[in-house]
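Here's a quick tour of one model, with an eye on charged pairs and strand pairing. Have the structure open while you read.

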Amino acid sequence: MDAEGNPSCEKISYVDTEIHREGDDLIAYVTLRAAHEGAPGRSHGGVVAALFDDIFGFVQGVINITAFTGQLTITYRAGTPLHTRLACRVRAGEQNGRKVIMTGELAVVETGQLVAEAHSVFITVDREVLVNSMRDTQT
């Protein structure tokens, strides 16, 4: 997550990010730091939502689609600790027309504690149409 292209926003990035593929799942290992804090010692919920949204974007590359987030629902199970290695495991599920369902879980690596779950609906778009429309807006 960063603010590239938005000069009024300070860049925020995940620390120590590693992304691996295990079967149909992608797992991103991340450590959130003080810049991500909401409640004392815990990540801001919006950072957790943005993390899931970012990693769902990597899934798009794996299944070869271009899509936009149509819906993103996060269920928080526990406070997300800072300065702790986390595993964000995500996958694509059912596809119905242009809708692609993706789900995921965020857990503390050391203990396995589940801290959040995500359910999303992505809407696919034609990659060529998107690229052409972006060119049109830049001229």
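Is Arg77 buried or exposed? Arg77 is exposed, at a relative accessible area of 51% (the cut-offs are under 20% for buried, over 50% for exposed and partly exposed in between, with a 1.4 Å probe and protein chains only).

## Ground rules

We're looking at a predicted model, where local features need pLDDT of at least 70 and side-chain atom pairs count only at pLDDT 80 or more, while totals for chains, interfaces and linings use all residues. Residues are numbered from 1 along each chain as its sequence is written, and side-chain values use heavy atoms, leaving out hydrogens and water.

## Salt bridges

Side chains of opposite charge can pair when their charged atoms come close. Here a salt bridge means a side-chain nitrogen of Lys or Arg within 4 Å of a carboxyl oxygen of Asp or Glu, and by that rule there are six. One of them links Arg85 and Glu18, with the closest N and O atoms 3.5 Å apart. Arg85 sits in strand β4 (residues 85-96) and Glu18 in strand β1 (residues 15-22), so this contact ties together parts 67 residues apart in sequence. Strands here are DSSP runs of E with at least two residues, numbered from the N terminus. Arg85 is partly exposed at 34%, and Glu18 is partly exposed at 34% as well.

Arg89 and Glu22 make another salt bridge, at 3.2 Å between the closest N and O atoms. Arg89 belongs to β4 and Glu22 to β1, so the pair ties together parts 67 residues apart in sequence. Arg89 is partly exposed at 28% relative accessibility, and so is Glu22 at 41%.

## Back to Arg77

What does Arg77 pair with? Its side chain meets that of Glu117 in a salt bridge, 2.6 Å from N to O. Glu117 lies in strand β6 (residues 114-124) and Arg77 in the loop between β3 (67-76) and β4, so the two tie together parts 40 residues apart in sequence. Glu117 is partly exposed, at 26%.

## Around β6

Strands count as paired if DSSP finds at least two bridges between them. β3 and β6 run antiparallel, joined by nine bridges, and Gln71 has Val121 in β6 as its bridge partner.

Strand β5 (residues 99-108) also runs antiparallel to β6, with nine bridges between them. There, Ile101 stands opposite Val121. The β5 and β6 hairpin has five residues between its strands, and Gly112 takes a positive phi near 80° in it.

Notes
Helices (H or I, at least four residues) and strands (E, at least two) are DSSP runs, numbered from the N terminus.
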